[in-house]
Structures are given as structure tokens and as C-alpha cells.
Amino acid sequence: MCGIIAVTGHANAAQTLMAGLRRLAYRGYDSAGVAVHDGESIARLRAAGALENLASLDPESLSGQCGIGHTRWATHGAPTAENAHPHLSADAAIAVVHNGIIENADALRAELQAEGMTFTSETDTEVLAQALSLAVSRGEALFEAVLALMPRVQGTYGLVALDRAAPDQLVAARLGSPVALGIGGGCRLVASDPAAMVGFADDVLHLDDGDVARLTPDSIAVRSLDTGERTIEATTLTAEVNDAGRDGHAHFMLKELCEQPEAIARTVSGRLDARFGTARLGGLNIQPRDLIAFRGVKLLGCGSAHIAAECGAHLIESLARLPASAEAAAEFRYRNPVIERDLLYVVISQSGETYDTLAACNEIKRKGGTVIGINNVIGSSLARAVDGGIYLHAGPEVSVASTKAWSAMVCALGLLALYLGRVHDLSPSAGASLVKGFEALPEWLEQTYALRPAIREVTPLLTQARSVFFIGRGNAAPVAREGALKLKEIAYIHAEAYPTSELKHGPLALIEPAVPTVVVLPDDELLDKSIASLAEIRARDGKLIVVTDSDDTRIDAAAEAVIRLPKSHAALTPIVLGMGLQLLAYETAVALGREIDRPRNLAKSVTVE
Ligand code: F6R
């Protein structure tokens, strides 16, 4: 999604901006631009499409030490060069880059038009540039103008503004969209993602909602709309850079699939207690005597993180015998949820910046609930908002379609379920067996990855499909949902997921040869029932692709293709089978020649509602 980078005090600001934009590109964007102050005026370059289009305009020829840059993911207005950021006020006095959505942009625009101002783009951001230039033209300093404008703006923003009258100054503000400030030798920076500042900044400060900051090459001043002047403690910038390259892999998604065993090894590393058959989760900041008081668990996330939450709910109910349920964070936050003191809330997000997940977390906190996070990006907004949590340590995930982070989420939730289970009634021997399972998990995933050539052979059954059903029962039902989501996302094939048991209540009507079914079939107590359902699909000429860890020969008799994955621990099959489905979606998308890492219309980090 949109990304911001800004710098003041760097010999060639444009060079820093372009390097930062390249780091932000993985989040998804459809246009980009930079504006640099050359000491007298603000020069700007923008281009639709890939960053190379902007690079071909030779931005580094813009001389100046202070500038702002942006990658845009269209919300208001088409992805054209005119709508790309930075936006300049009509008098070219103010340039603004902005992430988020200004909900009352139309009303503000109408007010400004009544003052005689004209607009050149359809974006909400231009409204901010114009409003600020009007204030500055009336004698206000930009910092004060931003402080005065922000309370009138409804919606969300992370923004940086440049003022023609102050050649070395940046003004940044945050409400609901991340903004980090960087301190480097002789320069100060602003970015929506600290990773964009690696190599330029040594220390980082995170703005909170309602903060407005003024930066010069050697100073940072922050004022909160709520509490006035404030000091933010700087921490060492430890963000991982996302531009490590694909290491010879055709796509980042493939690299991340390949990295999955080591990513999972890091998620469990230091967290297993073989002696007592439990997990060590010090980051939760909850003692066992407090944990035992929770009567249930509510898990929240968006997209794949929501599906991981569903897997987590299964794991927690079966291992800890605690009622657990999952819900889409965006729905939860808007239904004025009842927050219960004896429920443990778990918010799940790879990026830690997903707007709806963050808003759900804040709603729980406002109402006095205890909320822990499952999160990959250290120091992200979510990680800083929760009472405690579990970092995934999966390493940077660049591909828009989540793979290793999804598996790491389910893995971390498995650790939580084990820990909760052992606090409740899970026996030491059952706990010890699961600990062994976690230890073996990287190896099972290694074996799954090695099956890639066999999985590739199955893809002709899907590339020809008009639509695909994914089905599964018990803990395989959410895995089927994840498989369908992956196929939709990167192969652009319509796919729907159902619990196997629901098929005959309606969807069976659509089964025919051009609508194959992918069956997620763990070797569990429901196996016989699921095999019976295969016959129902066969009887309607439906084609079956079975993804299983069972060696039951009835499956081979019924299915067009069987993807046989390693047998693992019952609680961990969602991760192994889930990886099989990730590979299936990947190979199908490759066979169809899709753009794997940046699927159309999608962004890596959804920082708007
Ligand atoms: C799907 C996918 C998305 C994300 C969702 C939440 O492959 O990647 O559905 O899972 O946008 O993102 P995070 O986990 O960053 O909150």
C-alpha cells in the first residue's frame, strides 16, 4: 500500500528518496513521485506505473538536500501521474505526500473552492496541500498550520509536507497510519516503514496518533494535538531491509516458500520446554496464575491472518479446552463489541500495520480488555499497542501473497495453544509429544517443499478450471479457505471454500468437470466421512485433487490427482497441508503466466479501512 519517505540534510535528497521508494515498493503501488527543495523552489517528478518509469525521468538530477517521496496505491482517483504524490498547492508553495484517506475531503475542497482555490487532481491529498498553502499565505508557519488543520480532518493520515519558505524543513503528522522519524549523521528522515530508512538512519522514533513533528537536519520537535509538547524516546533502528533480493528464485513468493522451514524454526526457537512439555512465551507478559483465569479466547485478523486465527481457535479449543473463536477484525470493531474481562484477545498481523486490526486492538484496549499480538514486524504499530505477544521471527515477507508468515502465525498460535493447554488440562505426555512435533516441523516442511515438481504436475487440472472448490473438515476447513484465497489472489481463478459437510447443502449443484474440487484431507478421525463425500463429488463428474497426509488407497481410487504430504503431528497438519496448497497456487499461477509477487489490485500492507 502507499509508502512515504522523506529526508532533510542529505547531500542528494533525491538519491535517498529513490532508494527509500525501492524499499517500499514491495508493499504494492501503482504510481510514484518525488519533490525536492532546491533552496528556492520545490521541483517535482511523478510517474504512473513502475518505479522505473519515475527513474527514467532522472529524479537524481533534482538538486537539493530536502525532499519527500511517495509510492501510491490508488484509493481516490485513478492511478495516473496527475493523481500521484507529491501534491503541490496551486501556488507551488506546499508539497504533500499522504497515506490514508481523508473522509471529509469533499467538504474541505468545497470550502477551499469558495475561497477561490482551484484543483488539478481528484485526490484527497491535494486538498491538504491547498489548505496548508492558504494558511501559510496568511502568515502561519507550516508546523502551526498542520497543527491547526489536523483537528478538522476526518479519516486517517500519515503525511509529510514541504514548505517553499523553509528549504530544510519537513513537517510530519500521524493519525491511524504509521509514521516513523529517523536520525542519521547530519540528516533527519521520515518514513511510513522504518525499513525504508535503513542505511540512512541509526535511530528511530515512532509518532503516535495525534502527533505533529517538525524536522530540520539536526533537530526534531514533536507536539501532540492532545497533550502538547512531548519527547519521544529514540531507539536503535533494527528494521530488516526488504531488498535482499530473490536469491536466484524466480519470485519472492518462491523464495519465501523455500525459506519456510527456517522461518518456522525461528518461530519455535527458544520457545519449547521439552522437560515440562510446554511452551515458553515470556513475551506474553502474563503469568500462568493470571492466564488460568481467562475463560475463553477471541482471535482477530484480516485476510490470511483471519484464517490463521480460525486455525488458532481450533488449536486452542482442542488443546486447552477453552472456548475460542475467530472473527474478521474489521467486522468486530464496527459492531460495538462486548469486551469481556475474562476473555483473552489475540490480534494477528504479519505487518502489524493493518488498519482494521489495529483499530480492533485499540477498541479492545479502550474497553479494558487484555490483548496480545501475534506479529512479524518488530516495533510495528500493533506490536507497540498490545499488552504482550509473540513475534513470528519469520523474516521480511515481500510477496503480497502471504506464505511463510501465514504458516508462522499458525505455528505461533500452536505454541500459545500448547502453553494454554498445559496451564489447563493438557497432560505432560501430550504436551511433550507436541513439543517433539514442533521440533520436527521444519523437516516436514522441507519435505513438503521437495514435492514441488509433483505438485506442478497437478496444475493442468486447475489452469483449465472455470472455478474451483476447496473443501475440508475440522481443522482442515480453514486451511481450505486459505488455499482458495491463495489461488484467487495470485492465479486469478475463482475459488470458493466450504466445510466438506456443507457441500450437499447447496454448492454440490455447481459440481461438473470444469469445476474441480481440491480436498484438504488430514489423516484424522473424520477421514472415513470425508472419503464418503469424495464419492458424492465423483458421482456428479467432479474432478478431485486431494491434498493429504493419509496413505489410504481409497483416496487414489477416487481422485484425479493426489498430493501426498509428510505425516506430521495432528495439531500441526494445517501448517503442512497449508504449505502444500501455497505451492499448488504458486505453480498454477506460474503456469498461467501471472505476475506472482504483485497481484493486480492488491497491496502488501493494507493501512486504510
Ligand atoms: C493474503 C494476504 C492478506 C493479508 C491481510 C492482513 O495472502 O497476505 O490477506 O493476510 O492483508 O495482513 P497483515 O497480516 O499484515 O495484517
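How many of the 609 residues of the protein count as buried? The share is 60%, where buried means under 20% relative accessible area, exposed means over 50% and partly exposed lies in between, with a 1.4 Å probe and protein chains only.

## Basis of the model

This is a predicted model, in which local features need pLDDT of at least 70 and side-chain atom pairs count only at pLDDT 80 or more, while totals for chains, interfaces and linings use all residues. Residues are numbered from 1 along each chain as its sequence is written, and side-chain values use heavy atoms, with hydrogens and water left out.

## Overall form

Along its principal axes, the C-alpha trace spans about 80 × 55 × 45 Å. Among contacts (heavy atoms within 4.5 Å) between residues at least 6 apart in sequence, 71% join residues at least 24 apart.

## A five-stranded sheet

Five strands form an open sheet with parallel pairing, in the order β24-β23-β25-β26-β27. Two strands pair if DSSP finds at least two bridges between them. At the edges are β24 (495-499) and β27 (561-564), each pairing on one side only. Strand β23 (residues 468-472) joins β24 in the parallel sense over five bridges, and V468 stands opposite A495 in β24.

Two helices meet this sheet. Helix α18 (residues 527-538) lies across β23, β25 (517-521) and β26 (544-548), running at about 170 degrees to β25. Helix α20 (residues 573-591) packs on the sheet and touches β23, β25, β26 and β27, its direction making about 155 degrees with that of β25. Such angles run from 0 to 180 degrees between N-to-C directions, with axes fitted to C-alpha atoms, for helices over the stretch in contact.

## Cysteines

A search of the whole structure finds zero disulfides, a disulfide being a pair of cysteine sulfur atoms within 2.5 Å. The sulfur of C66 is 11 Å from the closest cysteine sulfur, that of C187, which is too far for a bond. C66 counts as buried, because its relative accessibility is 1%.

For C302, the closest cysteine sulfur is in C361, 12 Å away and too far for a bond. C302 has 25% relative accessibility and so counts as partly exposed.

Key
Helix = DSSP H or I, 4+ residues; strand = E, 2+ residues; numbered from the N terminus.
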